[in-house]
Amino acid sequence: MDFKFSYHYNDYRNIKRTVYFQLSGTEYAIQIIQNLDFIDAVKIIDEGIMLSIAIQQVPEVVCALAQNNIAIYSIKIET
């Protein structure tokens with residue numbers, strides 16, 4: 001497999017990227033995500049949400065959703 005990324009896997013800069021999470025229970029997920037300190041705004045798109053976050057914050061969002069039993073079907077990071 002050939003993976004091409006526009007960022008380095010050790011990207012600890014605070015550059016925010018647009019990240020789409022396809023979820024179940026979008027309305028409940030928004031309540032959970034808005035409790036995270038680094039979330040500025042949540043945009044609902046189709047069957048998920050779009051956030052502007054740094055790469056290293058993606059796992060924190062995943063953990064918060066998983067702890068509240070919210071299924072994540074896909075994550076897409078816009079480059």
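1. Ser24 counts as partly exposed in this predicted model, because its relative accessibility is 25%. The residue belongs to the loop that links strand 1 with helix 1, and, once its neighbours within four places in sequence are left aside, Ser24 is in contact with Ile70, Ala71 and Tyr73. The C-alpha atoms of Ser24 and Ile72 lie 6.8 Å apart in space, although 48 residues separate the two in sequence.

2. The chain contains two helices and four strands, and their order along the sequence is β-α-β-β-α-β. Of its 79 residues, 37% count as buried.

3. As background, strands of a sheet pair through backbone hydrogen bonds, and the pairing may be parallel or antiparallel.

4. Strand 1 can be followed through its pairings on either side. Seven bridges connect strand 1 (residues 16-23) with strand 3 (residues 48-54), and these two strands run antiparallel. Within this pairing, Thr18 has Ser52 of strand 3 as its bridge partner, while Lys16 is partnered by Ala54 of strand 3. Strand 1 is also joined to strand 4 by five bridges, again in an antiparallel arrangement, and here Tyr20 stands opposite Lys76 of strand 4.

5. Which residues of helix 2 are buried? They are Val58, Val61, Ala64 and Leu65. Seen down the axis of helix 2, these buried residues fall within an arc of 130°, and therefore they line one face of the helix. The elements against which the buried residues of helix 2 pack are strand 1, helix 1, strand 3 and strand 4.

6. The largest nonpolar core has 18 residues, and the members that touch the most others are Phe21, Leu51, Ile53 and Val61. At least two residues of this core come from each of strand 1, helix 1, strand 3 and helix 2. In soluble globular proteins, nonpolar side chains tend to be buried together. For Phe21, when residues up to four places away in sequence are not counted, the residues touched include Leu51, Ile53, Val58, Val61, Val62 and Ile75, and among them are also Glu47, Gly48 and Ser74.

7. Gln57 deserves a separate comment. It sits in the loop between strand 3 and helix 2, and it counts as buried because its relative accessibility is 13%, where the cut-off for buried is under 20%. A polar atom of the Gln57 side chain lies 2.8 Å from the backbone nitrogen of Ala54.

8. Asp46, in the loop between strand 2 and strand 3, has a phi near 50°, which is a positive value in a residue other than glycine. Asn69, in the loop between helix 2 and strand 4, likewise has a positive phi, of about 60°, although it is not a glycine, and its position is just after helix 2. Are these residues buried or exposed? Asp46 counts as exposed because its relative accessibility is 72%, and Asn69 is exposed too, with a relative accessible area of 73%.

Definitions and conventions:
Residues are numbered from 1 along each chain as its sequence is written. This is a predicted model: local features need pLDDT of at least 70, side-chain atom pairs count only at pLDDT 80 or more; totals for chains, interfaces and linings use all residues. Side-chain values use heavy atoms; hydrogens and water are left out. Two strands pair if DSSP finds at least two bridges between them. Buried means under 20% relative accessible area, exposed over 50%, partly exposed in between (1.4 Å probe, protein chains only). The arc is that of the directions from the helix axis to the C-beta atoms. Contact means heavy atoms within 4.5 Å. A polar contact is a pair of N or O atoms within 3.5 Å; within protein, one must be able to donate a hydrogen and the other to accept it, and residues adjacent in sequence count only if both atoms are side-chain atoms. A nonpolar core is a set of buried Ala, Val, Leu, Ile, Met, Phe, Trp, Tyr and Cys residues joined through side-chain atoms within 4.5 Å.
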